[in-house]
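Welcome! Take a moment to look over the structure before we talk it through together.

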Amino acid sequence: MARVVADTSALVSLGTVADHDPSPLDCLYREYELLVPRAVVSELEDVASYADAQGQAAEAVLDRRDELDVRQSELDADFPLDDGENAAVTLANDTDAAMFLCDEFNRLGLVHASLIDTRLVTTPKLLAVFVRNGVLTETDAATLLDGMSDARSWANNSYVRRARETFR
């Protein structure tokens, strides 16, 4: 089973549609070994304290906390992203994770440059992988991405629009 390290942003994205059948969180847990640093769990707890869609999404992820492999990870003092991203990139590099799941669309270049042998994957691309591997249908992936886009304000995000085209 391939190992995936996830950042807070991606888990919140998946959590926004966690009640969909099939749930993308179910697919992620079933298909991959999911690791997260403690800093990401702390960020999820912070986000869950808000009474909005993002808070509900973070709570949906935390409701399944027992399924997360939470690990301590050192922070790189010179890394110019927040603690969750910083710790998650370090954990991905330290564990030779196959994929790093992150939705920081404005900082993808920096995140990508920080990964040694780990492939950077966003949630729209993860949905495309699920379609290619027969885990989700194209219709389910499109519905999930629509839900994430509404909750995450991705309607005008050209990356997300382009990623949707890879569902075929």
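Some questions and answers about this structure follow.

This is a predicted model, in which local features need pLDDT of at least 70 and side-chain atom pairs count only at pLDDT 80 or more, while totals for chains, interfaces and linings use all residues. Residues are numbered from 1 along each chain as its sequence is written, and side-chain values use heavy atoms, with hydrogens and water left out.

Q: Is Thr8 buried or exposed?
A: Buried means under 20% relative accessible area, exposed over 50%, and partly exposed in between (1.4 Å probe, protein chains only). Thr8 has 7% relative accessibility, so Thr8 counts as buried.

Q: Which residue has a side chain joined to that of Thr8 by a polar contact of 2.6 Å?
A: Thr8 sits in helix α1 (residues 8–15); helices (H or I, at least four residues) and strands (E, at least two) are DSSP runs, numbered from the N terminus. A polar contact is a pair of N or O atoms within 3.5 Å; within protein, one must be able to donate a hydrogen and the other to accept it, and residues adjacent in sequence count only if both atoms are side-chain atoms. The side-chain partner of Thr8 at 2.6 Å is Glu43.

Q: How far apart in space are Leu101 and Val89, C-alpha to C-alpha?
A: Leu101 belongs to strand β4 (residues 99–101) and, at 1% relative accessibility, counts as buried. In sequence, Leu101 and Val89 are 12 residues apart, and their C-alpha to C-alpha distance in space is 9.7 Å.

Q: Which tryptophan does Met148 touch, not counting residues up to four places away in sequence?
A: Met148 lies in helix α8 (residues 138–152) and is buried, at 0% relative accessibility. Contact means heavy atoms within 4.5 Å. Beyond those sequence neighbours, the residues touched by Met148 include Ser13, Leu14 and Trp154.

Q: How many disulfides does a search of the whole structure find?
A: A disulfide is a covalent bond between the sulfur atoms of two cysteines; here the cut-off is a pair of cysteine sulfur atoms within 2.5 Å. Cys27 is buried at 1% relative accessibility, and Cys102 is buried at 0%. For disulfides, the search of the whole structure finds zero.
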